[in-house]
Amino acid sequence: MEQTTQQTDLVKTEQTDFDKEFHPNIVALVCNWCTYTAADLAGVTRLKYPAEIRMIRLMCTGMIDPRFIVESFLRGADGVFIGGCHPGDCHYINGNLKARLRIGGLKALLQGMGIEPQRLALHWIGASEGTEFQKQVKDFVEGIRELGPSGFGVYDSI
Amino acid sequence: MDKSFAFLKTNNQPNRILSRALGKLLDKGLVSAVMAPGITNGSDLPMPVLFTRDEAMESCIPLAPAAGVSAAVQAARIGRKVKDKRVAVVLKPCEVRGVIELAKLNQTSLESLAIISMECPGRMENDAYLAKLSASPDLPDLYLNDSSLQDQASSTCLSCDAFEPQGADITIHLFGLPVMEHIGISGMTAIGNELIEAMDLEKPGAAYDQREAMARLREKRGRAKEELFQKTGEILKNPDQYLEVLGNCLGCFNCRTACPLCYCRECVCARESFDRDLDDVSNRAKKTGQARMPAGLSMFHMTRMVHMSHACVGCGQCSSYCPSKIPVADLFRTMGQQVQNTLDYSPGRDPEEPIPYLRFKTEAGS
């Protein structure tokens with residue numbers, strides 16, 4: 001993440017339209033079986049979605065340790081987007097349902113730490129839903145853009 | 001009041017007399033051991049002590065207003081190991097909640113435990129207790145009857161409105177009773193009633209109405225709790241205040257050690273993967289000119305919050321253990337309440353209630 005910031009710093013030598021906008025750092029944790037495939041489909045279908053997301057492919061949303069999310073925010077992410085299979089479609093039977101509960105609790109915790117709840121999103125996006133993926137990512141990134149930087153990285157200074 | 005409610009005459013020595021009543025359980029062979037706060041050679045600080053002979057019960061202080069460590073961990077050790085005998089454990093209400101939570105986490109079993117708990121006036125911090133005790137040796141008895149002493153309890157206890165035991169077999173009633181004359185004991189379960197039979201108690205002549213005393217205390221402590229949660233909620237949300245409060249953290253992991261619910265032998269936060277890479281530190285330093293070398297303490301506290309906030313029983317041991325006097329328990333209880341409200345869960349309420357994160361619904365829906 002540090003590296004990316006430095007790279008954008010280098011590009012910033014001359015102002016372009018791109019630079020006038022706030023470009024949030026967004027970590028996307030996506031399930032291999034559905035949302036990642038949907039992202040692939042969106043790519044193949046040439047559906048454009050915001051380039052601000054850094055996608056990380058996981059085998060299942062059920063394997064998301066809350067640490068991934070907490071650490072993302074502490075290290076300067078402005079939002080975390082999670083995409084998993086629709087309930088009932090999980091490749092591992094119920095990983096997505098476990099993720100839902102875990103993320104529900106974590107959301108309350110992050111809210112208590114002053115992080116807006118919109119900064120953490122969990123969506124069910126099936127493998128064939130390329131357009132849905134595009135729409136959700138667009139909406140999410142726009143939402144974060146409106147919220148501005150999270151500033152949660154300050155908490156990491158101890 | 002409960003059907004099996006009975007009085008125990010205390011003759012100005014509630015702790016001594018209650019110890020003897022517990023000794024009778026040993027004498028009559030109803031329990032194979034009693035674990036209760038007591039003092040052992042070398043220290044006046046009440047610690048969980050395992051008693052197996054009733055004559056040794058003289059050093060037992062069942063209603064001690066101090067707890068060197070959370071007895072929940074020790075009770076859980078007994079529950080895990082003892083299978084075919086019954087052991088009576090005297091626990092404070094928060095410790096009862098702790099044992100119940102540990103049972104839900106498959107760390108112990110409640111089968112062999114006969115849990116005896118009391119309406120808890122709170123515990124003092126260890127150093128405050130020892131200082132006070134050297135001036136007045138009768139402190140454990142006086143404390144029960146003196147609200148000005150009870151106001152010197154730890155800050156966690158002063159803002160705790162869960163002072164009534166839930167899930168205990170026997171409850172010892174103190175509030176609203178003339179404790180220097182007699183205390184109330186009631187059995188909450190079949191096992192509790194069986195044990196009470198053996199204690200040779202008096203049937204109550206006149207019924208005492210505890211409701212007023214209870215309501216008064218609940219109101220007082222409840223208000224303190226709301227104020228505390230309000231204040232601490234602001235600290236958690238405000239980076240400046242947060243860093244000011246947690247900035248003195250040494251990363252000693254004492255809060256983790258003290259926590260009765262942190263049962264992992266090897267803490268995930270102690271693993272190599274939690275070590276902050278030197279490149280990270282130097283990158284941060286390059287940005288702002290300086291960076292603290294022991295890094296990742298926020299990560300540690302937040303990880304512990306993620307793991308424990310739904311289960312925090314509010315015993316306050318983490319605050320008591322902290323060498324930097326950080327109000328860890330305030331932070332955890334505040335966060336705990338927010339998470340518990342969201343998950344609609346109350347730790348230690350019911351041994352049958354599943355842990356919220358295992359309660360996922362299997363039917364479809366979003």
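R46(A) counts as exposed because its relative accessibility is 78% (buried means under 20% relative accessible area, exposed over 50% and partly exposed in between, with a 1.4 Å probe and protein chains only). R46(A) is not a glycine, yet its phi is positive, at about 60 degrees. You'll find R46(A) in the loop between α3 (35-44) and β2 (53-58) of chain A; helices (H or I, at least four residues) and strands (E, at least two) are DSSP runs, numbered from the N terminus.

Keep in mind that this is a predicted model, where local features need pLDDT of at least 70, side-chain atom pairs count only at pLDDT 80 or more, and totals for chains, interfaces and linings use all residues. Residues are numbered from 1 along each chain as its sequence is written, chains are lettered from A and ligands numbered from 1 in the order in which they are written, and side-chain values use heavy atoms, with hydrogens and water left out.

Chain B has a residue with a positive phi too: F253(B), not a glycine, has a value near 70 degrees. F253(B) sits in the loop between α10 (239-246) and α11 (254-258) of chain B. With a relative accessible area of 22%, F253(B) is partly exposed.

Chain A averages a pLDDT of 90, and 91% of its residues score at least 70 (pLDDT is the predictor's confidence in each residue, from 0 to 100). Among the elements of chain A, helix α1 (residues 2-11) has the lowest mean pLDDT, 54, while strand β1 (residues 26-31) has the highest, 97.

Chain A has six helices and four strands. Read from the N terminus, its elements go α-α-β-α-β-α-β-α-β-α.

**The two chains in numbers**

Here are the overall values, chain by chain.

| Property | Chain | Value |
|---|---|---|
| C-alpha extent along the principal axes | A | about 50 × 40 × 25 Å |
| C-alpha extent along the principal axes | B | roughly 75 × 55 × 40 Å |
| Residues that count as buried | A | 49% of 158 residues |
| Residues that count as buried | B | 53% of 366 residues |
| Accessible surface | A | about 7,500 Å², 54% from carbon and sulfur atoms |
| Accessible surface | B | about 17,000 Å², 49% from carbon and sulfur atoms |

The areas come from the Shrake-Rupley method with a 1.4 Å probe; for residues, only the protein chains shown count as cover.

Chain B holds 15 helices and seven strands. Its radius of gyration is 22 Å, close to the 21 Å that the globule rule gives for 366 residues, so chain B is as compact as a globular protein of that length. That radius is taken over C-alpha atoms, and the rule is 2.2 Å times the number of residues to the power 0.38. For chain A, with 158 residues, a compact globule would have a radius of gyration near 15 Å, and the 16 Å of chain A agrees.

Contacts (heavy atoms within 4.5 Å) can be split by sequence separation. In chain A, 82% of the contacts with a separation of 6 or more are between residues 24 or more positions apart. In chain B, 71% of the contacts between residues at least 6 apart join residues at least 24 apart.

**Rings and charges**

Over all chains, a search of the whole structure turns up nine aromatic pairs. Rings of Phe, Tyr and Trp (its six-membered ring) pair if their centres lie within 6.5 Å; planes under 30 degrees apart count as stacked, over 60 as edge-to-face and the rest as tilted. One of the pairs is F152(A) with Y155(A), stacked at 4.4 Å centre to centre with 25 degrees between the planes. F152(A) and Y155(A) are both buried. The rings of F5(B) and F7(B) form an edge-to-face pair, because their planes stand at 80 degrees, with centres 5.4 Å apart. Both of these residues, F5(B) and F7(B), are buried. Y49(A), F81(A), F133(A) and F140(A) make up one aromatic cluster.

A charge sits over a ring if NZ of Lys or CZ of Arg is within 6 Å of the ring centre and within 35 degrees of the ring normal. R57(A) does this over the face of Y36(A), at 4.8 Å from the ring centre. R67(A) reaches across to chain B and lies over the face of F274(B), at 3.9 Å from the ring centre.

R67(A) belongs to helix α4 (residues 66-74) of chain A and is buried, with a relative accessible area of 18%. Leaving aside neighbours within four places in sequence, R67(A) is in contact with S72(A), S273(B), F274(B) and M299(B).
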